[in-house]
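User: I'd like to learn how to read the features of a protein model, step by step. Could you walk me through this one?

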Amino acid sequence: MTAAAQRITIRVQRRAGPDAAAEWQNFLVERDEAITVADALDVINREPRTVQGESVPPIAWASGCTFPTCGGCAMRIGGRALLACKTRLDAVADRRGVVTLEPLAKFPLRRDLWVDLGRMRSDFERMRAVVDAVPNAATIVLRSALGRCTSCAICLDACPEVRAGAAFVGPAAIAAAYDANLVEPSSERIAMLMLKGGIDDCGQAQNCLAACPEGVPLDEALAGSFRDATRAFLRRLWPRRVTR
Ligand code: SF4
Ligand code: FES
């Protein structure tokens with residue numbers, strides 16, 4: 001292996017703030033099949049120096065847990081939204097040994113690879129998706145799968161319906177609302193699902209299901225929410241004929 005092949009070039013999109021111009025900087029790290037993209041960012045940030053030898057400010061990115069539970073380290077790695085702490089660096093290097101890092105594209109930028117995921121919390125609140133209830137035996141398996149969601153926002157980044165100016169609340173909040181309805185069915189929550197930005201805005205591309213790093217059964221949650229909303233709609237038309 002040549003010296004160049006023993007190293008990976010990390011190409012990072014840098015922006016000093018939301019309104020700053022983007023620039024690209026390259027950094028070198030030793031190729032090591034055991035390290036993740038998050039590890040590589042930590043190594044670079046110990047003494048951030050570009051390939052040209054220029055000393056630069058540390059790369060801003062969100063790291064909450066170093067284990068895939070907080071969802072904070074979601075970023076675009078080689079063009080795909082992935083969790084930095086769960087992605088092996090070696091596995092995502094291209095044939096030239098380059099790994100490109102960019103922030104998630106659909107969220108307000110704070111700096112470099114760090115974006116504001118605040119809409120996740122407000123989306124969950126909008127869907128009345130936060131409940132404090134004990135799962136029953138019939139739903140425990142499904143609820144445990146839905147509960148793997150870390151609010152990383154990768155499903156929103158992958159969804160073609162989540163875009164500037166669109167009202168769609170996104171798959172994670174709908175899955176959380178569905179989860180909440182499993183333990184504590186609420187007509188108010190189902191009414192929220194039926195408003196603009198709710199389940200009707202899902203285009204069923206299923207990109208979210210493929211993108212979710214935790215394997216949350218978003219297809220089941222979206223289909224279940226669609227059933228809940230349809231039943232509620234029919235109940236409005238024929239209150240005596242349609243029961244839950
Ligand atoms: S459903 Fe999956 S991709 Fe979406 S926020 Fe939760 S963990 Fe992330
Ligand atoms: S740092 Fe928490 S999920 Fe990656």
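## Reading the fold

Analyst: Happy to, and let's start with one residue: leucine 101 is in contact with Ile10, Arg11, Val12, Gln13, Trp24, Val37, Leu41, Met75, Arg76, Ile77 and Leu113, leaving out residues up to four places away in sequence. Please keep in mind that this is a predicted model.

User: Which residues touch the most other members of the largest nonpolar core?

Analyst: The general idea comes first. In soluble globular proteins, nonpolar side chains tend to be buried together. Here the largest nonpolar core has 65 residues, and Ile10, Leu89 and Leu101 touch the most other members. Helix H6 gives this core its largest share, 7 residues.

User: Let's step back to the whole chain. How many helices and strands does the chain have, and what share of its residues is buried?

Analyst: The secondary structure comprises 9 helices and 7 strands. Of the 244 residues in the chain, 43% are buried. The C-alpha atoms fill a box of roughly 75 × 40 × 30 Å along the principal axes. Among contacts with a separation of 6 or more, 63% join residues 24 or more positions apart.

User: Now the sheet. In what order do the strands of the open sheet come?

Analyst: As background, strands of a sheet pair through backbone hydrogen bonds, either parallel or antiparallel. In this model, 5 strands make an open sheet with mixed pairing, in the order E2-E1-E5-E3-E4. Strand E2 (23–30) and strand E4 (80–83) are at the edges with a single partner strand each, so one side of each has no neighbour in the sheet. From one strand to the next, the twist averages 35°.

User: Which strands does helix H1 lie across?

Analyst: Helix H1 (residues 37–46) lies across E1, E2, strand E3 (74–77) and E5, and runs at about 100° to E2.

User: How should I read a pair of packed helices, and at what angle do H3 and H6 pack?

Analyst: Two packed helices are described by the angle between their axes and the distance between the axes. Helix H3 (residues 118–126) and helix H6 (residues 171–183) pack at about 35°, and their axes are 9 Å apart. The H3 and H6 crossing is right-handed. Met120, Asp123 and Phe124 of H3 make the contact with Ala172, Ala173 and Ala176 of H6. By type, the residues of this contact are 5 nonpolar, no polar and 1 charged.

User: Last topic: backbone angles. Where are aspartate 112 and alanine 153, and are they buried or exposed?

Analyst: Both have a positive phi without being glycine: aspartate 112 is near 50°, and alanine 153 is at about 75°. Aspartate 112 is in the loop between strand E6 (109–111) and strand E7 (114–115). Alanine 153 is in the loop between helix H4 (140–146) and helix H5 (154–158). Aspartate 112 is buried, with a relative accessible area of 2%. Alanine 153 is also buried, with a relative accessible area of 1%.

Definitions and conventions. Residues numbered from 1 in each chain as written. Chains lettered and ligands numbered in written order. Predicted model: local features only at pLDDT ≥ 70, side-chain atom pairs only at ≥ 80, totals over all residues. Heavy atoms only, no water. Axes fitted to C-alpha atoms, helices over the stretch in contact; angles between N-to-C directions. Helix = DSSP H or I, 4+ residues; strand = E, 2+ residues; numbered from the N terminus. Left-handed = near helix turned anticlockwise from the far one by under 90°. Contact = heavy atoms within 4.5 Å. Nonpolar A, V, L, I, M, F, W, Y, C, P; charged D, E, K, R; others polar. Core = buried A, V, L, I, M, F, W, Y, C linked by side-chain atoms within 4.5 Å. Buried < 20%, exposed > 50% of the residue type's maximum accessible area, 1.4 Å probe, protein only. Pairing = 2+ DSSP bridges.
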